[in-house]
Amino acid sequence: FDAFRQLYVGSATESQMDGQGRISLPQLHREFAGLDKRVVLVGLLYKFELWDEQKWWDYTRHVIDSSKDGSMQLPADITVSL
């Protein structure tokens, strides 16, 4: 648990919004999360996640397909970003 907390809290950075209300993510965070040019903001009740657009659609298709047969298993190569 300590290693996770060190990585999670230790890599936190402070960001400011620009004049248009945008937040720039540090390059290190974009690379770690696999974010390229197009991202999806996914709302999850009390938080949100940023996903690479293609990874989000791949994940969504997989969840829909697996729900048809009742398995609802997440693929091993899918990881939640940020």
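At 54% relative accessibility, Arg38 counts as exposed, the term denoting a relative accessible area over 50%, with buried meaning under 20% and partly exposed the range in between (1.4 Å probe, protein chains only). The model is a predicted one, in which local features need pLDDT of at least 70 and side-chain atom pairs count only at pLDDT 80 or more, while totals for chains, interfaces and linings use all residues. Residues are numbered from 1 along each chain as its sequence is written, and side-chain values rest on heavy atoms, with hydrogens and water left out.

The side chain of Arg38 meets that of Glu53 in a salt bridge, at 2.7 Å from N to O. This pair links distant parts of the chain, 15 residues apart: Arg38 lies in the loop between α2 (27-33) and β1 (39-44), and Glu53 in helix α3 (residues 53-68). Glu53 counts as partly exposed, at 23% relative accessibility. A salt bridge is here a side-chain nitrogen of Lys or Arg within 4 Å of a carboxyl oxygen of Asp or Glu. In general, side chains of opposite charge can pair when their charged atoms come close.

The structure holds 3 such salt bridges. One of them joins Arg61 and Asp58, with an N to O distance of 3.7 Å. Because Arg61 and Asp58 are 3 residues apart in helix α3, about one helical turn separates them. Arg61 is partly exposed at 43% relative accessibility, and Asp58 is partly exposed at 37%. Another salt bridge is formed by Arg22 with Asp18, whose closest N and O atoms are 2.8 Å apart. Asp18 is partly exposed, its relative accessible area being 33%.

Aromatic contacts were also examined. Rings of Phe, Tyr and Trp (its six-membered ring) pair if their centres lie within 6.5 Å; planes under 30 degrees apart count as stacked, over 60 as edge-to-face and the rest as tilted. By this rule the count comes to 3 aromatic pairs. The ring centres of Trp51 and Trp56 are 5.3 Å apart and the planes stand at 70°, so this pair is edge-to-face. Both Trp51 and Trp56 are buried, the relative accessible area of Trp56 being 18%. For Trp56 and Tyr59, the centres are 5.8 Å apart and the planes at 35°, so the pair is tilted. Trp56 and Tyr59 are 3 residues apart in helix α3 and therefore separated by about one helical turn. Trp51, Trp56 and Tyr59 form one aromatic cluster.

On the surface, Phe4, Tyr8 and Val9 form a nonpolar patch with about 370 Å² of accessible area together. Patches comprise residues with over 30% relative accessible area and no salt bridge, like charges being joined within 9 Å and nonpolar side chains (Val, Leu, Ile, Met, Phe, Trp, Tyr) within 5 Å. Accessible areas come from the Shrake-Rupley method with a 1.4 Å probe, and for residues only the protein chains shown count as cover. Tyr8 is placed in helix α1 (residues 2-10) and is exposed, with a relative accessible area of 59%.

The protein chain contains 3 helices and 2 strands, assigned as DSSP runs (helices H or I, at least four residues; strands E, at least two) and numbered from the N terminus. Along the sequence they follow the pattern α-α-β-β-α. Of the 82 residues in the protein chain, 16% are buried. The chain exposes about 7100 Å², of which carbon and sulfur atoms supply 58%.
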